[in-house]
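Please consider the structure below.

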Amino acid sequence: MGIELRKMNFEDEYAQWEYVTNLPEDENGLTNEFNGVSFEDYKKTVLPKLMSYEHPTNMPDWFVPETYYYLWADGVLVGEFRIRHHLTEALKNGSGHIGYSIAKQYRGKGYATIGLKKTLELAKRIVPEQEIYLRVNKDNIASLKVMEKNGGKVVGEDSGHYFVRVAK
């Protein structure tokens with residue numbers, strides 16, 4: 001099976017649009033403000049905006065650079081992975097360095113484990129912190145297992161989340 005992680009790009013804009021606009025507005029702690037956006041709006045506004053996050057300019061103080069990647073399996077886009085390049089205190093105690101999702105029809109097939117492994121390899125070269133910070137909803141046991149398979153250790157929790165760290 002050919003699996004690759006590709007940085008968000010203009011060449012794959014249609015597949016990326018289909019993926020992003022079909023993600024629920026809020027699922028498993030991942031919010032998606034672009035659910036249902038038209039292809040034209042995605043192409044003209046959303047895609048350039050998301051790509052600009054890697055090298056942001058004129059952003060609020062709390063904003064950190066973020067790069068979007070897509071997981072492809074045999075030519076089909078199956079998941080999205082985001083790397084925040086460094087953390088603020090709020091992100092250290094919140095969503096951490098990496099956020100990800102797998103399309104519903106591809107869950108339970110090992111794609112999240114492979115995608116997180118590939119994303120962690122990139123993140124370990126990008127982030128300055130000594131550990132990669134992750135957070136998972138307590139009711140998302142499948143995602144917690146994905147993190148643990150990739151070396152993640154639960155280091156804390158709050159009422160709704162586990163906080164996970166992966167050593168660099």
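Predicted model: local features only at pLDDT ≥ 70, side-chain atom pairs only at ≥ 80, totals over all residues.

Q: What makes α4 oblique to α5?
A: Angles under 35 degrees count as roughly parallel, over 145 as roughly antiparallel, 65 to 115 as roughly perpendicular and the rest as oblique. The crossing angle is roughly 45°, and α4 is therefore oblique to α5.

Q: Which residues make the contact of α4 with α5, and how do they divide by class?
A: Ala-112, Thr-113 and Leu-116 of α4 meet Val-146, Met-147 and Lys-149 of α5, contact meaning heavy atoms within 4.5 Å. By class, four are nonpolar, one is polar and one is charged; Ala, Val, Leu, Ile, Met, Phe, Trp, Tyr, Cys and Pro count as nonpolar, Asp, Glu, Lys and Arg as charged, and the others, Gly among them, as polar.

Q: Why is α1 called roughly perpendicular to α2?
A: The axes of helix α1 (residues 13–22) and helix α2 (residues 39–52) cross at roughly 100° and come within 10 Å. The range for roughly perpendicular is the one from 65 to 115 degrees, so α1 is roughly perpendicular to α2. Glu-13, Tyr-14, Gln-16, Trp-17 and Val-20 in α1 meet Phe-39, Tyr-42, Lys-43 and Leu-47 in α2. This contact has six nonpolar, one polar and two charged residues.

Q: What makes β7 and β8 edge strands of their sheet?
A: The open sheet has three strands in the order β7-β9-β8, paired antiparallel. β7 (131–137) and β8 (153–157) each have a single partner strand, so one side of each lacks a neighbour in the sheet. The twist averages 30° from one strand to the next.

Q: How do you know that β7 pairs with β9?
A: Two strands pair if DSSP finds at least two bridges between them. Seven bridges join β7 to strand β9 (residues 161–167), and the two run antiparallel. In this pairing, Asn-137 stands opposite His-161 in β9. Helix α5 (residues 141–149) packs on the sheet, touching β7, β8 and β9, and its direction makes about 160° with that of β7.

Q: Why is strand β5 described as largely enclosed by the rest of the structure?
A: Buried means under 20% relative accessible area, exposed over 50%, and partly exposed in between (1.4 Å probe, protein chains only). Eight of the nine residues of β5 (residues 76–84) are buried, so the strand is largely enclosed. Eight bridges join strand β4 (residues 66–73) to β5 in antiparallel fashion, and β5 also pairs antiparallel with strand β6 (residues 98–102) over five bridges. Ile-83 stands opposite Thr-67, and also opposite Ile-98 in β6.

Q: Why does Asp-74 count as exposed?
A: Its relative accessibility is 54%, so Asp-74 counts as exposed.

Key
Residues numbered from 1 in each chain as written. Heavy atoms only, no water. Helix = DSSP H or I, 4+ residues; strand = E, 2+ residues; numbered from the N terminus. Axes fitted to C-alpha atoms, helices over the stretch in contact; angles between N-to-C directions.
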